[in-house]
Amino acid sequence: MAKIQSKSRWPVEMRCAAGVALAVAAVSPAVAQNVPGARTELSFYGLPGLIDMPTADMMPDAEIAMTISTFAGMTRGTLAFQIAPRLVGSFRYSSLDDWNAGGFSTYYDRSFDLRFQAITETATRPSVTIGLQDFIGTGIYSGEFIAATKTFSEKYSATGGIGWGRLGSNNSFGSTGTRPEMNSETIGTGGQFNTDTWFRGDMALFGGIAYRPAPKWTLKAEYSSDAYTLESDQRGIFDVDMPFNFGVEYEPGADFRVGAYALYGTEVGVNLQLSLNPSRPSSLGSLDRAPAPVLQRPSRASAPEFYSTGWTDSDTIKTNVREQLTAALRADGMDLEALELEPYSVTLYLRNLSYQVTPQAIGRAARLMSRILPSSIETFTIVQMAEGLTLPSVTMTRTDIETYETQPDGAEQMLRAASIDPHSVRPKPDAYAPGLFPRYTWAINPYVRTSLFDPDNPLRADFGLSLGGNIEVAPGLLFGASVQKKLAGNLDESTRDSDSTLPHVRSDFPLYDKNGDPSMAQLYGSYFFQPADDVYGAVTVGYLERMYAGVSSEMLWAPVNSRLALGAQLNYTQQRDYDGGFGLLDYQVMTGFGSAYWQFDDQYFAQVDVGRYLAGDIGTTLSLARVFNNGWRIGAFATFTDVSAEEYGEGSFDKGITMTIPLNWFLGKSSRVSETFGFRPLTRDGGAKLEVPQRLYPLVEPGNRPRQDDQWGSFWR
């Protein structure tokens, strides 16, 4: 009956939201539309808002915002991402001092929010946003809202809205059905989509104004619809004397804001905001050396001798050409793996060591080829190599390179003129560069390992050094190893034992932190091969990761002109001993997955994995990400298996956020080095996957035609 009642009242809610939007629009003059994303003003919840209440605004597209806000002993840390121009999401970690319930003196909470801007602002109408607050979490901050915001001018904006849940707890004017009461005894374990409570229960109005007297200053006042019943009436954390909040914010820089506030008549608070954007590099311009200019050949009519093929009879000339091109490519951050010279054509097998964007490496290589290769060579074919795999080749004419280098639309012209061939042809044995194998690479890098959200200590971390290296003994056959030594940290101080009823495939990770220093992180051998066009394979054997050793095999079907790729992985693995040495424990398991990869238009990417996980559970992992042309990647994943929420434990199912940050974004100098960070609310045993040193799809994806089309604007850089 409650569901029927809620649905029958939904039109009333929409009419209320429309009324708020029209009321805001009615009092605003017909001014120019507010520029979307001109400011990033975030509330105490780390999303666009006034002070403690939301607005209908969005952040600039692709904006990443980190906020820390505190008042009355309640601290909220939020990571927010503008997923699309009208969709924003966030993960929040909060602490509440003086909780004194359920065995916690200080209570720690994890929650996710999602907002969608249903109506964008124009000169005559406000923007309208629908929001879900704490829609995957314990429910302590659970609430929903519909908000409307209108900009009067560059200085004034007003917001009005309707809230449910905790946003409908102060001076409610109506109800849309029943909603369970939230108290310290009914707080959940998190991870549940409580859809039956969304937009249900008491609803209340909220609103406020923002005034910007100067470019860096903002004054705010709001009427709050949150009575803080749980914190004030039930737990006595602070007193609420009135529903009005006031604040002042200062923006010393484009990416940083700080605010001070008077809240609920009894408290003062502070909010710090830091923003960055993958589309807005921290380093302006490029520190790379300028690409070599294309060398223009004289016309065949004016200098026919330049086009002679007599050079093909001279091994000395061929050797000199190879050596000059090898040196030029290396100076530009690339390696020549093989070269096949013909009188009128050339095939270069290229390893890109420096450039995040594949077309940039191809364009720079083509420029150098135009300067070094004999003039009779008209057709350039460039094949990118990755761990011995040959990616789809790009073929272009030298005449096109000479013609379009200086054209305003030269990159687009080259894209139309170039052809990509999916046929995988390995270099001829005598085409490989002399002395290429064995090939050694090594590096010493710092590492950071974290343990987040432990109630005893919500932030633990180890800092140390990792020494790693690879030996490539033949095309596609390599051996790798890495060792790690902690320099400082407190991960070994954790005293929490796993309470999991599943095999402890991940939840015993504190034992590795306590006993594995120094540790052998990896010791393995891999072989990469191509059984057919568009088909790639890999087998990896050894100590694959910190917690597991075994054998992993993988196959991938990735057509060059398709946004779809399909893969399969089969692993037999055994758990490693806690000391990080060669020893193994008794636990053994067979895991495997079928995977589908899909590249959407406009930078979005999805991956679905279906199979068996480390604990023997069977299910599906869905991953969604936004992939930027400069190497940034921001995504989220969720795994659902046949393990019930009760068996899984706190969090109900595996989920998290991933972020890959390219080093070149900070330095302004091309590099393929990047760091990937993962944020899991909890590390449990359900839905756990084996970490294999090198998966096939990231190796092959740069040669995909849709990806190259998206990035081709960098061809002449």
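This is a predicted model: local features need pLDDT of at least 70, side-chain atom pairs count only at pLDDT 80 or more; totals for chains, interfaces and linings use all residues.

Visitor: To start with, how many bridges join β11 to strand β12?

Guide: Seven bridges join β11 to β12, and the two strands run antiparallel. You will find β12 at residues 244-253, while β11 covers residues 217-223. To see one of these contacts, pick Thr 218: its bridge partner in β12 is Glu 249.

Now turn to the other neighbour, strand β10, which spans residues 202-214. Six bridges join β10 to β11, again in an antiparallel arrangement. Here you can look at Tyr 211, which stands opposite Leu 219 of β11. The link from β10 to β11 is a hairpin, made through two residues.

Next, look at the side chains. In a regular strand they alternate between the two faces of the sheet. In β11, the covered face holds Thr 218, Lys 220 and Glu 222. The uncovered face of β11 carries Trp 217, Leu 219, Ala 221 and Tyr 223.

Before you go, here is one more stop, elsewhere on the surface. Met 66, Ile 68, Phe 256, Val 270, Leu 272 and Leu 274 form a nonpolar patch, with about 470 Å² of accessible area together. Two elements each give two or more residues to this patch: β1 (64-71) and β14 (267-276). The largest share, three residues, comes from β14. Val 270 lies in β14, and Val 270 counts as partly exposed because its relative accessibility is 37%, between the cut-offs of 20% and 50%.

How values were computed. Residues are numbered from 1 along each chain as its sequence is written. Side-chain values use heavy atoms; hydrogens and water are left out. Buried means under 20% relative accessible area, exposed over 50%, partly exposed in between (1.4 Å probe, protein chains only). Helices (H or I, at least four residues) and strands (E, at least two) are DSSP runs, numbered from the N terminus. Two strands pair if DSSP finds at least two bridges between them. Patches are made of residues with over 30% relative accessible area and no salt bridge: like charges are joined within 9 Å, nonpolar side chains (Val, Leu, Ile, Met, Phe, Trp, Tyr) within 5 Å. Accessible areas come from the Shrake-Rupley method with a 1.4 Å probe; for residues, only the protein chains shown count as cover. A salt bridge is a side-chain nitrogen of Lys or Arg within 4 Å of a carboxyl oxygen of Asp or Glu.
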